[in-house]
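Subject: Structure handover

Hello,

Here is the structure I promised to pass on. Please open it first, then read my notes below.

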Amino acid sequence: MAARWTTTSARLAPLAVAFVVPWLCYVLEAAEGAPWFWPPIGGGGDDPYCLTWRVMVEANNAKGWRTVPAQCVGYVRGYMAWGQYHRDVAAVAEQAAAYATQVAPPAGGDGLDAWVLDVDDTCLSNQPYYQVKQFGAYDPVAFRAWASRAICPGIPAMQWLLQTLRSRGFRVFVVTGRDEETLGSCTAANLAAAGFSGYDRLIMRGALHRGQSSVAFKSAVRRQLVEEEGYRIRGNVGDQWSDLQGDYAGDRVFKVPNPMYFVP
Ligand SMILES: [Mg+2]
């Protein structure tokens, strides 16, 4: 009797998994708590309104927005989790690498040709964190708790770009508005764990620049690199327009897509 029950259970188990898991995910999706791998109800991938909204965001026509429009939360989650985001980032990396090849310094040069890479959602992904909170407004306390765990996944295309830039003879500076005192060691550890190695310096926000806007802080960093240290910033890569604006922005800038949040 026990053996028959065991056999029957073994046969029914796959069926239970096949039906129960999708049902559970559907319920979680309806409750806006679905796991990252589950597609949003309704797909979200071709919503005309949300596609237009995302283009406005990436083109920097939409500014100062604090939340993803309610009807586009599922769209953004689908965009980020189901391949298009990583295809778009890979295309940015390929464009940057092609340009870097054109302007690569000659062998035996002075070693002062440099690139600047941002950290959050350029090298390291915060998608797991922002997805749970339905994207949108920056919350410094919650973000610090997330970042201090040092578990942000690396963004593969940017890891490849970093190695490509190094192989072309560029110096690479990784610049982030994260606070150095509270997040310095975990950010360095996270970058290393995510496969980002070989960059020249991780530059973070210190006491001198606390409270400054992203544009002001990153301009000050680049000014130091150029005016004080003599570097030529050939390229600059970031997911926010505020990474790419201001003084000494670089000969060319490359915008990594980010429809999750806006940093002024
Ligand atoms: Mg960023």
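L117 touches T122, C123, M158, L162, V172, V174 and V237, leaving out residues up to four places away in sequence. Contact here means that two C-beta atoms, placed from the backbone, lie within 7 Å. This is a predicted model: local features need pLDDT of at least 70, side-chain atom pairs count only at pLDDT 80 or more, and totals for chains, interfaces and linings use all residues. Residues are numbered from 1 along each chain as its sequence is written.

L117 also matters for the core list. Together with C123, L117 has the most contacts inside the largest nonpolar core, which has 53 residues. Helix α4 (residues 84-102) gives the largest share of this core, six residues. A nonpolar core is a set of buried Ala, Val, Leu, Ile, Met, Phe, Trp, Tyr and Cys residues joined through C-beta atoms within 7 Å. Buried means 20 or more other C-beta atoms within 10 Å of a residue's own; exposed means 12 or fewer, and partly exposed lies in between, with C-beta atoms placed from the backbone.

Now the overall make-up. The protein chain has ten helices and five strands. Helices (H or I, at least four residues) and strands (E, at least two) are DSSP runs, numbered from the N terminus. Of the chain's 264 residues, 35% count as buried. Take the contacts between residues at least 6 apart in sequence: 77% of them join residues at least 24 apart.

Next, the sheet. Five strands form an open sheet in the order β3-β2-β1-β4-β5, and the pairing is parallel. Two strands pair if DSSP finds at least two bridges between them. The edge strands are β3 (201-205) and β5 (252-255), and each pairs on one side only. Neighbouring strands are turned by 20° against each other on average, direction ignored. Axes are lines fitted to C-alpha atoms, for helices over the stretch in contact, and angles run from 0 to 180 degrees between N-to-C directions.

Which strands does β1 pair with? Strand β1 (residues 113-118) pairs with strand β4 (residues 232-238) in the parallel sense over five bridges. β1 also pairs with strand β2 (residues 171-179), in the parallel sense and over five bridges. In β4, G235 stands opposite W115 and I233 stands opposite A114. In β2, V175 stands opposite D118.

Six of the six residues of β1 are buried, so the strand is largely enclosed by the rest of the structure. D113, W115 and L117 point one way from β1. A114, V116 and D118 point the other way.

α4 and helix α7 (residues 156-167) meet at an angle of about 10°, with their axes 9 Å apart. That makes α4 roughly parallel to α7. The cut-offs: under 35 degrees is roughly parallel, over 145 roughly antiparallel, 65 to 115 roughly perpendicular, and the rest oblique. From α4, the contact uses H86, V89, A90, A93, A96, A97 and A100. From α7, it uses A157, M158, W160, L161, T164 and L165. These residues divide into eleven nonpolar, two polar and no charged. Ala, Val, Leu, Ile, Met, Phe, Trp, Tyr, Cys and Pro count as nonpolar, Asp, Glu, Lys and Arg as charged, and the others, Gly among them, as polar.

Y85 is also in α4. Is Y85 buried or exposed? Y85 is buried, with 22 other C-beta atoms within 10 Å. Leaving aside neighbours within four places in sequence, Y85 is in contact with Y79, M80 and P257. Y85 and P257 are 172 residues apart along the chain, yet their C-alpha atoms are separated by 7.3 Å.

Y79 and M80 are among the buried residues of α3. Eight of the nine residues of helix α3 (residues 73-81) are buried, so α3 is largely enclosed by the rest of the structure. What covers them includes α2 (48-58), α4 and α5 (127-132). Just after α3, G83 takes a positive phi of about 110°.

Last, two backbone points. Most residues other than glycine have a negative phi. N60 is not a glycine, but has a positive phi of about 65°. N60 is in the loop between α2 and α3 and is partly exposed, with 14 other C-beta atoms within 10 Å. A150, also not a glycine, has a positive phi of about 55°. A150 lies in the loop between α6 (140-147) and α7.

Best wishes
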